[in-house]
Each structure stands twice: as C-alpha cells, then as structure tokens.
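Here are my notes on the model, as numbered points. Please read them with the sequence and the structure open.

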Amino acid sequence: MGRLAAYLERVLRARASLFSADPDRGLFLAGTAGCLALALAFCLPAALATLLPGLVHPALGAFCASACLWLTMAPRSLAEHARAVLRPLARGSLPEARRMLVRIVGRETAELDAHAAARACVESVAENSTDGVTASLFWAFAGYLAGGFPLAAACCVLHRAVNTLDAMWGRTDSRYLFFGRFAARFDDVLNWLPARLSLPCTALAACLIRGLSGREAWRVGLGDRRAHESPNSAWCEAAFSGGLGLRLGGPARYAGRARNHPWLGEGTPDAKPRHIAQAVRLMHREAWLACALYAALAGLSTLI
C-alpha cells in the first residue's frame, strides 16, 4: 500500500492541473482520486479472494476473510515498535530510544527527555490501538453483517488503505494540506464509531490488568474525550491516560512547528518504561475484548 501510494502521489501531483485550473483545488481532486484508486486497488481483490473460495465451500470464504483481517491488523507490530523504545529507555540509552521513537510518532524527538519519550510512546500505542487494531475489527464485523465474508474482507482492507494514506498524506503542512485532505477526512469518518467504542473496551480491559484502574479509564476517557483537535484521537488516549494514571498530550513540535495539544488526565506526566509495558498489555486486552464482542454480535446476528 505504501509503495502504491508513493507512486500515485508522484503521478497525480504531476497531473494535478488536469483536475482543475486552480492549483489548490487541483491538488485536492488529485489526492481524492489517489485515495479512491488505492482503496479500490486493494478492496476489490480482497473481496474476490474471499468470494471465489467461498463458492467452493463457506469455510474457505471464512478462512480467506480471516486472513485479510489478520493482514490489516497490527497489534504485534505496534507492540514490537513500542518495546523497541522501552528497552533503551530501561537501560538509560535516551539517544537510541529517540531513534526508535521516530518510527511511531510524527513529532520531533531530538529534544525529548526520558519521561517525554516514554509518554510519546504510550500516546502512540493508545491512538494506534484504535487505528491499527480495533477499527479493522469493527469494519470487518460491519462488512460481515452487510454482505457476508467478501464484504467483511473488503471493509477491513478499505480501512487499512485509508488509514495508511492518512499516515502518509494526512498532514497539515503546505505539501499535504490540500493533497491529503480527502484521505484525512475519510479516515476520520471510518474511525468515528470505532474510536467511541474503544472507550468502554479500554475501561473494561484496564479492570483486567493489575495496577490499572478501569474506573479512572472510564472517568477520564469520558471527561476528556473531546480534548483534542482530532475528532477521534482523545477517546482512546484519554482512556489510556486514566487507566495508566498518566497525564498524556501537551505541547509538541512537528516539522519545526509547535503544537499546543491539551493535556489529558490528571496523573503524572513523568512516564516511565513500565508505563509503556502496561500500555502494550492494555492494547492487547482491549483488542481481545473487542474481538470477543464483535464475534459474539456476529454469531447473534446469524440467529436473528
């Protein structure tokens, strides 16, 4: 997806004037076309790869849909990247931790102290627990209810394609302000409901981990759910903040520009390596709970 996105960007930027004589509108329409083209390039093969085996036997269709969902979810990758920051922090190697952190955050890391680096890592795990894990589960479930296994495969792949483009194009700098706008807004739409469902899942998951507080995850998540310029980010980040007893968010620098994000929660801002490990455990428990919830609802729908 990333390689195709890079290719489409080069081709469409060079031809943006064909979409509109106005440069900004031309970039917006070119980015819109690129987003839709990438989505179709992956959704249609996913649907066909599930539909055709399903015609042979329904179990084959279910297996192929499950394979598509497995490919679109990223809990293991997210955990590995988080632990790559945790390990050097635990042994006091802050420069190495900063280098590892660059892989999962968009902010500048060169000036972060150990607490800020750990906090940024926790924030990334919290946000991506929805973007990279539970939202794919949600759209697979929604697709299954609407059209069976082929649509389940297409929907979870659609979410992953749009989320990939949001990560690559959904920025507010001069290069992507117009070109990436459609992908960013489309990603907001696709994550709107999964982000809101993440709050009760995170709160319940925190109840299952010693040392975390499900009650605080619910209270802070509910209280600070709108404390972010993104319509979706704070729902899960605030719940993680309350559950872990951390104060997340706050000022950060992106490509030389300062952004004054609001603080989430009332805990300590001095995050430590153990908080990263706890965030990874919380992400995994949340994913299992969401998986159980959607599987139960899918099974119930077949009985109705």
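1. In which helix is Gly 214 found? Gly 214 is found in helix H8, residues 214-223. Helices here are DSSP runs of H or I with at least four residues, strands are runs of E with at least two, and both are numbered from the N terminus. Gly 214 is buried, at a relative accessible area of 8%. Buried means under 20% relative accessible area, exposed means over 50%, and partly exposed lies in between, with a 1.4 Å probe and protein chains only. Leaving aside neighbours within four places in sequence, Gly 214 is in contact (heavy atoms within 4.5 Å) with Ala 203, Ala 206 and Cys 207. Its C-alpha atom is separated by 7.7 Å from that of Thr 202, 12 residues apart along the chain.

2. On the basis of the values: this is a predicted model, in which local features need pLDDT of at least 70 and side-chain atom pairs count only at pLDDT 80 or more, while totals for chains, interfaces and linings use all residues. Residues are numbered from 1 along each chain as its sequence is written, and side-chain values use heavy atoms, with hydrogens and water left out.

3. The overall fold. The chain has 10 helices and 2 strands, and from the N terminus on the elements run α-α-α-α-α-α-α-α-α-β-β-α. The radius of gyration of the chain is 20 Å, close to the 19 Å that the globule rule gives for 304 residues, so the chain is as compact as a globular protein of that length. That radius is taken over C-alpha atoms, and the rule is 2.2 Å times the number of residues to the power 0.38. Along the principal axes, the C-alpha atoms fill a box of roughly 55 × 55 × 35 Å. Of the 304 residues, 47% count as buried. Among contacts between residues at least 6 apart in sequence, 67% join residues at least 24 apart.

4. Helix H6 needs a careful look. H6 covers residues 114-169 and spans only 29 Å between its end C-alpha atoms, whereas a straight helix of 56 residues would span 82 Å at 1.5 Å a residue. The expected span is 1.5 Å times one less than the number of residues. At Gly 147, H6 bends by about 145 degrees, and Pro 150 follows within four residues. The bend is the angle between axes fitted to the seven residues ending at a position and the seven starting there.

5. The surroundings of H6. Of its 56 residues, 40 are buried, so H6 is largely enclosed by the rest of the structure. At the start of H6, a side-chain oxygen of Asp 113 reaches to within 3.2 Å of the backbone nitrogen of His 115.

6. The cores. The largest nonpolar core has 41 residues, and those with the most contacts inside it are Val 85, Leu 89, Leu 101, Phe 240, Ile 276 and Met 283. The elements that give two or more residues to this core are H4 (75-90), H5 (94-101), H6, H7 (181-207), H9 (233-244) and H10 (273-303). H6 supplies the largest share of this core, 9 residues. A nonpolar core is a set of buried Ala, Val, Leu, Ile, Met, Phe, Trp, Tyr and Cys residues joined through side-chain atoms within 4.5 Å. Leaving aside neighbours within four places in sequence, Ile 276 is in contact with Ala 82, Val 85, Leu 86, Leu 89, Ala 118, Cys 121 and Val 122.

7. His 275 lies in H10 and counts as buried at 2% relative accessibility. Beyond neighbours within four places in sequence, His 275 is in contact with Val 122, Leu 244, Leu 246 and Asp 270. His 261 is found in strand E2, residues 257-264, and counts as buried at 10%. With neighbours within four places again left aside, its contacts include His 228, Glu 229 and Tyr 254.

8. Is Asp 24 buried or partly exposed? Asp 24, in H2 (residues 23-56), is partly exposed, with a relative accessible area of 35%. Asp 24 and Phe 179 are 155 residues apart in sequence and 8.1 Å apart in space, C-alpha to C-alpha. Ala 184 lies in H7 and is buried at 10% relative accessible area. Leaving aside neighbours within four places in sequence, Ala 184 is in contact with Asp 166 and Gly 170.

Conventions: A polar contact is a pair of N or O atoms within 3.5 Å; within protein, one must be able to donate a hydrogen and the other to accept it, and residues adjacent in sequence count only if both atoms are side-chain atoms.
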